[in-house]
Amino acid sequence: MTPARRVPLLLALFMGCTSPPPPPAAPASARQGAGALIAPDTPTGADAARDAELAVEAASVVRAFSNGGVGFTPDGRRIVFRSDRDGLLQLYIADVAAPDAPATRLTHTAQRTLDNVMRPDGRGVLFLSDEGADDQHSIFGVGLDGQGLFELTPGEKLERDRPFVPLGRPGTAFYSARRLTDTSTTVFQQEIERGSAPRAIYTHPAPGGLTDVSPDGKRALFVQPVSLSAWELLLLDLEKGAARRLYPPEKQSAHIADAVFAPDGGVLVATDGGADQSLLLALDPATGAETHRYVETSPATARISGVLVARRGGAVAIQIDAGSHHEVRLLRAPALEPIAPVKLPLGMGKIYDFSPDGRTLALTWSTAERPFDLVAVDVATGAARPLRQEPRPTLDRLPPLESRLVSVPSFDGLEIPVNLYLPGAPGTPRGRLPVMVMIHGGPTDAWSFGWDFFVRFYSAQGYAVVQPNIRGSSGFGRSFEMADDGPRRLDALKDVEAVARWAREQPWADPGRMVIFGGSYGGYMTLLSMTRHPDLWRAGISLVGPSNLVSFLESTTGILRDVLQNEFGSLDRDRAFLESISPLRDVDRIRAPLFVFQGANDPRVARSESDQVVRSMRARGVSVEYMVADDEGHSLDRADNKIAFLARTTRFLENALGRARTPAGR
């Protein structure tokens with residue numbers, strides 16, 4: 001609700017097999033917990049009529065599509081990318097030299113496409129897709145003419161990560177995968193042709209996944225998360241099926257955001273080195289010795305979150321997560337010296353691919369008022385130009401939006417960065433506005449200034465939107481990110497309280513119309529805040545949020561259970577603590593109306609987590625509205641579902657806040 005997804009696909013919360021084959025993963029319904037499913041609500045009468053009116057306005061934002069996942073064809077003349085312009089992420093192809101010419105759709109499937117990878121021989125594209133957003137991804141292929149769609153990995157359902165196709169072995173794919181309920185991860189090799197069978201090369205007993213494969217297909221890099229802040233990097237010998245630890249050194253701990261092979265055969269690792277400053281290290285793969293390093297200093301606490309290496313020319317691109325915004329750097333290997341500053345507006349995005357000649361970097365970028373779109377950066381100068389120029393006329397009907405970065409002191413003096421969005425242009429007379437405080441997922445995620453359809457729609461409806469990067473957020477240094485671990489979990493809740501009380505005192509805020517909103521971990525924090533600080537909130541909105549950390553950890557996927565027990569607490573040792581910080585324990589303290597959204601196929605946060613909250617509130621006669629999307633998982637991907645969600649929650653809040661409809665700028 002996160003560069004070209006080198007880290008394993010499911011290593012964020014709101015982020016193998018050997019012969020004989022293992023039994024299939026349990027279906028989603030078997031992991032939903034005990035008890036009958038709670039029926040969702042279906043709006044009728046005046047509510048349904050109001051939803052229909054609001055859906056027209058919601059469509060103005062949702063239909064303003066985003067583009068991403070861009071990659072160059074081997075000749076450099078075309079790009080293949082993902083777009084949700086037709087309501088769900090699909091693949092498209094377009095000419096680089098004609099950014100305003102219509103793109104051609106390559107896939108026409110009923111499911112989302114993810115992590116597309118160009119085949120280096122030009123024979124097509126590989127991509128991931130799942131059913132109903134259930135996170136059990138299969139690998140598919142399609143030609144650059146849109147013909148010959150095929151499934152490479154039919155049969156057993158697995159959590160498969162992005163495939164890698166080495167330049168020197170264009171007919172072979174390598175990928176990591178695991179059963180949904182398992183924690184071990186297997187690396188597979190498979191020929192890219194119909195009917196081919198995967199071959200298990202290496203099985204790791206703990207969660208992890210591939211981050212890169214060498215051009216000759218003989219070596220690979222594999223990361224294992226011990227926790228969300230401590231990772232290990234292994235170097236795999238793909239011919240022998242052997243692995244050895246490369247970084248960090250034994251008995252040391254560090255976060256690893258990405259790892260790739262350098263042009264000279266070395267290894268580049270984006271890490272915090274176990275401290276607050278982010279580094280890009282060049283390592284000798286034989287010894288692990290450091291040969292060169294780049295140190296990020298602006299700001300010093302920013303995280304290097306992605307690395308790309310050009311096939312020619314020696315350029316290296318790194319993506320900088322500075323918490324409240326993103327930046328991009330261009331370096332020259334092997335010394336990792338800066339080339340030229342990259343000129344991009346304040347916003348957020350991802351680096352994706354270099355052109356075959358190494359002269360152009362393709363990325364996606366967005367601002368608070370413009371959706372993600374494709375950008376080409378000249379490697380020599382850092383100058384940026386559009387790769388696509390496609391109109392989004394519905395955005396022109398939206399009112400202006402003022403964006404600010406502010407800092408709010410928490411209970412212990414720690415400064416909490418806050419992204420603030422106010423409807424209308426700077427200087428606009430506003431009066432007292434309803435306030436929506438949004439809590440991000442993760443926990444190690446962050447709000448960055450950039451396109452967010454929630455922000456854009458609710459602000460157009462007249463809300464002030466407050467997005468705090470509470471302790472635990474990424475991009476503000478390792479100490480800040482780890483400040484909510486384990487027994488300090490409730491310190492993050494105190495941050496939410498501090499920001500909410502600050503917002504109530506602002507001249508643009510109506511303290512009697514405060515709303516808390518969050519998805520995934522943010523949904524958990526929403527529910528927890530409504531139980532611990534019921535006086536602050538007039539209403540709440542929770543999307544796919546855990547309500548009981550014990551039942552959540554017992555029912556989530558194996559990889560998340562293993563990693564998050566180091567973040568929250570162990571089921572074996574800390575069960576009492578986990579129960580004590582679970583919203584369900586104090587759910588009877590929720591007095592404000594609550595809107596709950598759940599994907600029926602969610603493998604990460606089982607539907608039972610939402611069901612048990614709704615069941616309790618209905619039993620007590622407290623206002624609750626429940627929306628379940630049968631074709632979503634841990635997601636809100638489909639345009640029709642987004643529109644329905646925005647319309648229903650806006651009408652719900654109109655009723656809960658007792659406010660007349662006063663959209664901004666209307």
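Which side chain meets that of Arg 245 in a salt bridge? I looked this up in a predicted model. I found that Glu 232 is the partner, with 3.1 Å from N to O. Arg 245 lies in strand S16 (residues 242-247) and Glu 232 in strand S15 (residues 230-237), so this pair ties together parts that are 13 residues apart in sequence. I noted a relative accessibility of 23% for Arg 245, which therefore counts as partly exposed.

Entry on the whole structure. I recorded 44 salt bridges from a search of the whole structure. As background, I noted that side chains of opposite charge can pair when their charged atoms come close.

Entry on Asp 47 and Arg 651. I found a salt bridge between Asp 47 and Arg 651, with the closest N and O atoms 3.9 Å apart. Asp 47 belongs to helix H1 (residues 45-62) and Arg 651 to helix H10 (residues 639-657), so the pair ties together parts that are 604 residues apart in sequence. Asp 47 has 30% relative accessibility and counts as partly exposed, whereas Arg 651 has 3% and counts as buried. I also noted a network of salt bridges that links Asp 47 and Arg 651 with Asp 51, Glu 625 and Arg 648.

Entry on Glu 327 and Arg 329. I found that the side chains of these two residues meet in a salt bridge, at 2.7 Å from N to O. Glu 327 counts as partly exposed at 23% relative accessibility. Arg 329 has 16% relative accessibility; because buried means under 20%, Arg 329 counts as buried.

Technical notes
Residues are numbered from 1 along each chain as its sequence is written. This is a predicted model: local features need pLDDT of at least 70, side-chain atom pairs count only at pLDDT 80 or more; totals for chains, interfaces and linings use all residues. Side-chain values use heavy atoms; hydrogens and water are left out. A salt bridge is a side-chain nitrogen of Lys or Arg within 4 Å of a carboxyl oxygen of Asp or Glu. Helices (H or I, at least four residues) and strands (E, at least two) are DSSP runs, numbered from the N terminus. Buried means under 20% relative accessible area, exposed over 50%, partly exposed in between (1.4 Å probe, protein chains only).
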